[in-house]
Every structure is written in structure tokens, then in C-alpha cells.
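Please look over the sequence and the model below before reading on.

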Amino acid sequence: MLAWTQAATAACALAAIWYDVRYRRAPNGLVLLTAALAALLLFVSQPLWPGLTWHMAVLSALVGLAVFALFYALGWMGAGDAKFFAVTGLLAGPVGLGIVWVVASLLGGLHALAITLGGRTLQAARGRGIPYAAYMGCGILLLLWLRPGIEAAQH
């Protein structure tokens, strides 16, 4: 993966982490920027997940959107989280999306446990929700870190 593509992907992930932790939102501008980055990476044949094709990326985005739109409809997730998950599918493909989902779910579960077991300070955080897009950003950073090993294993 080219250095500039790694840096741009990391920047989008770090922006998601910062913004969601700070404001508990995944803004549309960040979602669109990450979608544009994913499309550019596919166009220059440097996808985040090695060997990812356009049709698999789009299918992953649609699956991600369908699953998280259901969670949004049930009130379990914010709309920004659902959109960011769909864009993560476009960025990472089906396997990468699964890894990001597991990472974000584990971190979100630990967050919820900390709030549940915490004292008054953490109890005040209960109404703010869990920054799930931030935890997806952590999953994306993990994919960047794992990518060289994945590429080596494929060759």
C-alpha cells in the first residue's frame, strides 16, 4: 500500500475517533470524505484490504448499510454510525468489515461495561452513548497495521 494511501486512511480513522469521542457524532462530511478515499483507493488499485474488487467493496457497503440501518431503526445506533459502517465496507471489503465490526463491538462492550460498573463520574457518561464510529476507526487502524502481514501471506 502506498504511503500516502496509508496516511489518508489513518487520517480518516483518527478523525472519526476524535470527532465521535468528542461530539458523539460521525459527521456526513467525514463519511463522504472516507467514501471518496475508498473509491480513490479502489481506482488506483490500492484498497485497504488486499485484492478487494469494486463489486465486493460495493456489496460490503450495502451489507454494512443494511445491517446497521436495522440497528438504527431499532434505536441501537446513530445514523452516522450506520453510514460510517457502510463506508467501512466500501473501504475494507467483507473480511475487513467483519474485523472492524468485531473490534468495534469488543471496544463498545468494554465501554458499556465500564459505564455500568463505574462510579458517579462514569454514570454521567451513560446518556452520551457509546462512540461506535470511534471504535470502528480503531478497527480501521488495526487493518492498516495488519495489512503488511496479510499481503505477505497472500504471496
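This is a predicted model: local features need pLDDT of at least 70, side-chain atom pairs count only at pLDDT 80 or more; totals for chains, interfaces and linings use all residues.

Residues are numbered from 1 along each chain as its sequence is written, and side-chain values use heavy atoms, with hydrogens and water left out.

The protein has six helices and zero strands, where helices (H or I, at least four residues) and strands (E, at least two) are DSSP runs numbered from the N terminus. With a radius of gyration of 15 Å, close to the 15 Å that the globule rule gives for 155 residues, the protein is as compact as a globular protein of that length; the radius is taken over C-alpha atoms, and the rule is 2.2 Å times the number of residues to the power 0.38. Along its principal axes, the C-alpha trace spans about 50 × 30 × 25 Å. Buried residues make up 44% of the 155 residues, buried being under 20% relative accessible area, exposed over 50% and partly exposed in between (1.4 Å probe, protein chains only). Of the contacts (heavy atoms within 4.5 Å) with a separation of 6 or more, 75% come from residues 24 or more positions apart.

Helix H1 covers residues 3-23, and at 1.5 Å a residue its 21 residues should span 30 Å, which agrees with end C-alpha atoms that are 30 Å apart; the expected span is 1.5 Å times one less than the number of residues. Thr5, Thr9, Ala10, Cys12, Ala13, Ala16, Ile17 and Asp20 are buried in H1. Seen down the axis of H1, these buried residues fall within an arc of 155°, so they line one face of the helix, the arc being that of the directions from the helix axis to the C-beta atoms. They pack against helix H2 (28-43), helix H4 (79-117) and helix H6 (132-154), whereas Ala3 and Trp18, on the other side of H1, are exposed. After H1 comes Arg24, whose phi is positive, near 55°.

Helix H6 also holds Arg147, which counts as buried because its relative accessibility is 4%. The side chain of Arg147 reaches the backbone oxygen of Pro47 at 2.7 Å.

Key:
A polar contact is a pair of N or O atoms within 3.5 Å; within protein, one must be able to donate a hydrogen and the other to accept it, and residues adjacent in sequence count only if both atoms are side-chain atoms.
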